[in-house]
Amino acid sequence: INIEKRTDNLEGVIELLKEMSELFPADEAAANEYNYYRLLAGVSTNEALRAANGLYKSNPKMMAFRITLALGHLKGNKPNKAYNLLNISDLDWDNLDDQRKAVRIAILRKLNKHQEANHLQELLDKEALMSEELKLLEL
């Protein structure tokens, strides 16, 4: 699912994804995006974290599910758990999308891993992020 980031209307995005999740309950991509944006906004975080954990357990190799669960752990002040989810040795972070990079950067900063965070931030297109994602980078 490609959400238009430049709208910067997180509430509207969440409402749209809620409707999609209700209309298409088997669509894991929609469910994951719904969880991601709720966690980003701090809305129904316990429910979103439980749902994100369930999606991750159903398919632990799916990077989108890992990112969402890692965001939940970061927001829950468990940066080590978040880091462990994303600490994949053969993953090329330089070539992943900006949303994923932003979550990774926030986790690295929280753990004082500034060299790697700075490297990724140099590659980041901040114009592709919502304001709430940019706030993650201020941790």
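Select S44 to begin: at 40% relative accessibility this residue counts as partly exposed, a class that lies between buried (under 20% relative accessible area) and exposed (over 50%), computed with a 1.4 Å probe on protein chains only. The model is predicted, so local features need pLDDT of at least 70 and side-chain atom pairs count only at pLDDT 80 or more, whereas totals for chains, interfaces and linings use all residues. Residues are numbered from 1 along each chain as its sequence is written, and side-chain values use heavy atoms, with hydrogens and water left out.

Stay on S44 and look at its backbone, where phi is near 50°, a positive value in a residue other than glycine. S44 is found in the loop between α2 and α3 (45–58); helices here are DSSP runs of H or I with at least four residues, strands are runs of E with at least two, and both are numbered from the N terminus.

Next, select N77, which also is not a glycine and has a positive phi of about 60°. N77 sits in the loop between α4 (63–75) and α5 (79–86), and at 53% relative accessibility it counts as exposed.

Move on to α5 and colour its buried residues, which are P79, A82, Y83, L85 and L86. They cover an arc of only 160° around the axis, which puts them on the same side of α5; the arc is that of the directions from the helix axis to the C-beta atoms. On the face turned away from this buried side, α5 carries the exposed residues N80 and N84.

Finish at N35, which is in helix α2 (residues 28–41) and is buried, with a relative accessible area of 2%. Leaving aside its neighbours within four places in sequence, N35 is in contact (heavy atoms within 4.5 Å) with A48, A51, A52, L55 and T68.
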